[in-house]
Amino acid sequence: MLKSQQQIIADLQQKLAEQQHVLVSQQREILEQQRKMYEQMDLIKVQYGMLFDTVKQMSFQSLQEDIQNYFESHLHGLQNQVRNHLQKSYSVHKVEVDAKVINVGESLLDCGLCESDEFCNFQKTPSQCEKCTLCPAGFFQMAECSANSDRICQDRDECTESPSICGERIKCLNTPGGFRCLGITEKDAALGMCGEEHFFNKEMQECQACLKCEDGMVAVPCSTISDTVCSAAAENKLSESWAANIVLPSIKSGISQVYSGLNLEIKEKLPCDILSTDDSSLVFKQHGLLWTDLNFAVKHNCRNFLQLSLKLNGSEEDYELSGVRIEQPEGKYFQSTSLSSVAEVEPSQTLSVYLRSPNQFCNQSKDLNIYDLTTPLSLFWLSHDTGAVALNAQMSTAMHYQTNYRPTFKIISVSDPYMLSLSHDGRAIKFTETGVVKFVFHQALYSMGHTCVREGFSLISYINRNGTNRELMNVFKSGVNYRDTSISASGATKVSAGDLVSFEILSPAQCNVRYFGDSSGISMFSLIWIPSAVSSAISATVSVTGLPTGAVRNKLLDFTQVSSNEKQIQLVSSGQLAQKYFIFTEKGVASIAFNLKLIHSCNVLKVTLNQLTMDHMQPTAVAQQIGGQMPEGSIWTSVSLRASFEVHNGTLISVSLDCVRGRINQITHEHGTSISILWISA
């Protein structure tokens, strides 16, 4: 009797095992059907887009009715197939089988303990836990993610749910994740025709559902023409800085001409959360505003000028953010320049340093010698959470002037037109609210006349407050005769609501100058406006007393502050470091712009930005720039240095001069020599 009962139990266990195997096979078949269903939906979406592109090239009115009928019938049939598959899947998922209850050998569905947002994928060998799929924008959930199956999502049919979503006379076609209103234009979409929680996708020419961010971490909200931008939970920084070295690329296959242009290689110094390096470019990982500084020194024998540019490469097009021209020298000596730019960057966009010559008589191996500066490339990144605004403007068309030149601007990009705008004559930028601005102005020019060389050019920036102009800074540039060159100025200052910033270039009498203005980046004005709550700025000039002269070796400059005091940045006023060091009292990012006008006979003049912290008793070099020999026939020459870096409470900075084989004869302490310091909260 006992043996017969044991046999019956064994038979029952065998039948239960067979039923379990059948259920597992059915679930695998359902998952395979779901996969094929999604493949069909993707295929139809591709065909849909291809056919729509074809329609745009043909007579739309003559084909409209036929195409509408085709899409309606085809998509209706696909939707019926999808619903049948999902109903079948949903009904089967209601059957709950716990293989662990039946102790028949080893469980077929055992993945161990999966997390609450995971399911056991038994299609893998061995079975493994995987993250539950999140329903994309424009889809709704049909079946919840369970222990043994993934979440099931269904496309939302906006045309059925809201029959008048496109209007009374415009046909609506449902698409995966959105819908298409036949005949809608981008202008109509900008007026909000796609409705709430939708945006107009320019590439697909249809309305798409706005992305829903996990945990509500929205960096940029959805608009009528752009999708939501989500930010990771770790993105809580307001600012970040980074620096690197640059070198000439290695010569491959004997090709060494600079004529066609080449990207300088960027050598990463430290890892960074906002970007990565890819040979000759920076690849951005996060949205934000970017300020870039480049100090560059070169000795070249090219028969014409060299053009140095910062180039932003996006998904649609590549363009030069800014550029400067390094003139053809009269002798063999180092020439230096500083280049800065502003950009609103997105993930996957890249930034590169580009060098080219306008003619073929420039050989990389024979005619170029780049000076090895300390971290010549530096930048700071600002989160959109700072409320900062970026602007880029180009100069007007080229014209001839003899003396003074006041450039006229044309805005090409601005992240918030309400905050920054042009004056009525186009010669100044107007600010709507109080804040701090960091700006850069590059102007390319061609000059003729010996007085150009002897007296040089002065670039003056003004701030107009309540109808009164005040000089912000004065930057000097040695002149050239029958040569192309560039003059550049960068600085930081506090502005009030209604203030205007403008520029003027002064040239000597009997010096004919042509100023260039085009879209190539060689004549640009860029700035970042930052709210005062997260930033501050001060400016200073060198002190009249204690100016270094003679054989100067690593001599620290003394400064006199000319702007009002700020809590976060102060010029040390007592002790051994008095007048030589600036001290920061809060953690953040600092951006420095230093200009020096002098007379010297040095073979090489080194300008170094030093940093002193509590961790290091000796100062370390943050950035460096050099000046070569005095141009023949010039009375004065100039050197500029720009850099961005991280600071902490107690960080000290100074500027030192080093004259190699020669003398410093005179340094101007007013017009032509200045330092501006911007601080931004971390």
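The link of Cys 132 and Cys 145 is left-handed, with -65° about the S-S bond. The model is predicted. With sulfur atoms within 2.5 Å as the criterion, the count comes to eight disulfides.

**Disulfide Cys 132 to Cys 145**

- The S to S distance in the link of Cys 132 to Cys 145 is 2.0 Å.
- Cys 132 and Cys 145 are both buried.
- A disulfide is a covalent bond between the sulfur atoms of two cysteines.

**Disulfide Cys 194 to Cys 207**

- The sulfur atoms of Cys 194 and Cys 207 are 2.1 Å apart and form a disulfide.
- Cys 194 sits in the loop between helix H4 (186-190) and strand E7 (198-201), while Cys 207 belongs to strand E8 (residues 206-209), so the pair connects parts that are 13 residues apart in sequence.
- The torsion about the S-S bond is about -70°, so the disulfide of Cys 194 and Cys 207 is left-handed.
- Cys 194 has a relative accessible area of 2% and is therefore buried.
- Cys 207 is at 1% relative accessibility, so Cys 207 also counts as buried.

**Disulfide Cys 210 to Cys 222**

- Cys 210 and Cys 222 form a disulfide with their sulfur atoms 2.0 Å apart.
- Cys 210 is in the loop between E8 and strand E9 (218-220), and Cys 222 is in the loop between E9 and strand E10 (229-230); the pair links distant parts of the chain, twelve residues apart.
- The link of Cys 210 and Cys 222 is left-handed, with -55° about the S-S bond.
- Cys 210 is buried, its relative accessible area being 8%.
- Cys 222 has a relative accessible area of 26%, which means that Cys 222 is partly exposed.

**A further cysteine**

- Cys 272 counts as buried because its relative accessibility is 7%.

**Ser 149**

- With a relative accessible area of 5%, Ser 149 is buried.
- The side chain of Ser 149 makes a polar contact of 2.6 Å with the side chain of Ser 146.
- Ser 149 and Phe 119 are 30 residues apart in sequence, and their C-alpha atoms are 5.9 Å apart in space.

- Strand E6 (residues 178-181) pairs with E8 in the antiparallel sense over two bridges.
- Gly 178 has Gln 208 in E8 as its bridge partner.
- Strand E8 also holds Cys 207, the disulfide partner of Cys 194.

Notes
Residues numbered from 1 in each chain as written. Predicted model: local features only at pLDDT ≥ 70, side-chain atom pairs only at ≥ 80, totals over all residues. Heavy atoms only, no water. Buried < 20%, exposed > 50% of the residue type's maximum accessible area, 1.4 Å probe, protein only. Helix = DSSP H or I, 4+ residues; strand = E, 2+ residues; numbered from the N terminus. Polar contact = N/O pair within 3.5 Å; in protein donor to acceptor, adjacent residues only side chain to side chain. Pairing = 2+ DSSP bridges.
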